[in-house]
Amino acid sequence: LYDMTTSLTPSFSLSAHGVQDKYPCYAMMSQRSNEERERLLRHAGMLRFEQKRDAFVEEIHCYAECDYHLCLVPTLSEGLAYGRDRAFFRAVALRLLGIAHELPEPLGRSASPAPLDATRLAVIHTFVAQAPSLWPSLRQIIVRNGQDRERALQELQTWLYKQGVSSARADILLCNVVFPFAAAVALIERNEVLGEQAMCMYKMHPGLLSNRVTRMMTAQLHLSVEPRGACIQQGLQYIYQQTCRAKQCDECIAGREQL
């Protein structure tokens, strides 16, 4: 989600006039009602959710059912470093789990990690220390609360806070890792309750912090304000990652005449 390592394409002007006008999405989005725009972005957000879910399904199949943590812990660790040292953080988790993996050089040239990285590396150690019980703990919170999904969301956030994760990063981990991972497990186990909970909590999440991609796509798609709600924000991310970054306008769902 918040991988800012790729620079934004400079030809996407934030001006209301100029080169931006030539892209079909700009014209099509300006002709749509607010309801149509929201429906399209929610659809894109769900496509991103399903994309992550399916990737987890493939990865989980590499492990035994009791070894879900071997997939979850490295991905959570990578999520702690979105926009920073993703490969390094993931490799650290794999090493600590006893899985042989090449450890890449971290960014920067200092002999010790920056304070923020040191804090996040400590969180990885905490995740690894409780690795086998990590997914059961999260799963219990998701399923136990039944239809009270607001309470479940609050409990998940609190659980992550207790592991040393900041509030903003906790929401990033929930929307990018925990919910799609839960949906993947639900598919594998054919657990409709777990799958429904994960999807609904993703849809109801109030939203993540603004970033360069969401701000740029808000202007690119002719939106009057930057959208709120994690699913819609993820829709902006999906459109950017799938087509906007490479300017594949013919394949972009935002530039099509029909939703």
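Is Phe-49 buried or exposed? The points below take up this residue and then the rest of the model, which is a predicted one.

1. Phe-49 is buried, at 3% relative accessibility, because the cut-off for that class is under 20%. The partner is Tyr-202: the ring centres are 4.6 Å apart and the planes stand at 35 degrees, so the pair is tilted.

2. Another aromatic pair is formed by Phe-88 and Phe-89. The geometry here is edge-to-face, with 6.2 Å from centre to centre and 70 degrees between the planes. Phe-88 counts as buried at 14% relative accessibility, and Phe-89 counts as buried at 1%.

3. Ring pairs also join Phe-56, Tyr-68, Trp-135 and Phe-181 into a cluster. With neighbours within four places in sequence left aside, Phe-181 is in contact with Phe-56, Ile-60, Tyr-68, Cys-71, Leu-72 and Trp-135.

4. The axes of helix 6 (residues 131-144) and helix 9 come within 9 Å and cross at roughly 80 degrees. Helix 6 and helix 9 are therefore roughly perpendicular to each other, since angles of 65 to 115 degrees fall in that class. On the helix 6 side the contact involves Trp-135, Arg-139, Ile-142 and Val-143, and these meet Leu-194, Gln-197 and Met-201 in helix 9.

5. Turning to charged side chains, how many salt bridges does a search of the whole structure find? The search returns eight. One of them joins Glu-38 and Arg-42, at 3.1 Å from N to O. Both residues lie in helix 2 (residues 34-60) and are four residues apart, about one turn of the helix. Glu-38 counts as partly exposed at 37% relative accessibility, and Arg-42 counts as partly exposed at 33%.

6. Arg-151 and Glu-155 form another salt bridge, with the closest N and O atoms 3.0 Å apart. This pair sits in helix 7 (residues 149-162), and its two residues are four apart, about one turn of the helix. Arg-151 is partly exposed, at 47% relative accessibility.

7. A further salt bridge is found between Glu-78 and Arg-90, where the closest N and O atoms are 3.2 Å apart. Glu-78 is in helix 3 (residues 69-79) and Arg-90 is in helix 4 (residues 86-96), so the pair ties together parts that are 12 residues apart in sequence. Glu-78 counts as buried, at 18% relative accessibility, whereas Arg-90 counts as partly exposed, at 21%. The two values lie on either side of the 20% limit, which is why the two residues receive separate labels. Glu-78 and Arg-90 also belong to a network of salt bridges that includes Glu-59 and Arg-86.

8. A last point concerns a loop residue. Where is Gln-130 found? Gln-130 is in the loop between helix 5 (115-129) and helix 6. At 21% relative accessibility, Gln-130 counts as partly exposed. Not counting residues up to four places away in sequence, Gln-130 touches Trp-159 and Gln-163. The C-alpha atoms of Gln-130 and His-69 are separated by 9.3 Å, while the two residues are 61 residues apart along the chain.

How values were computed. Residues are numbered from 1 along each chain as its sequence is written. Side-chain values use heavy atoms; hydrogens and water are left out. A salt bridge is a side-chain nitrogen of Lys or Arg within 4 Å of a carboxyl oxygen of Asp or Glu. Buried means under 20% relative accessible area, exposed over 50%, partly exposed in between (1.4 Å probe, protein chains only). Contact means heavy atoms within 4.5 Å. Rings of Phe, Tyr and Trp (its six-membered ring) pair if their centres lie within 6.5 Å; planes under 30 degrees apart count as stacked, over 60 as edge-to-face and the rest as tilted. Axes are lines fitted to C-alpha atoms, for helices over the stretch in contact, and angles run from 0 to 180 degrees between N-to-C directions. Angles under 35 degrees count as roughly parallel, over 145 as roughly antiparallel, 65 to 115 as roughly perpendicular and the rest as oblique.
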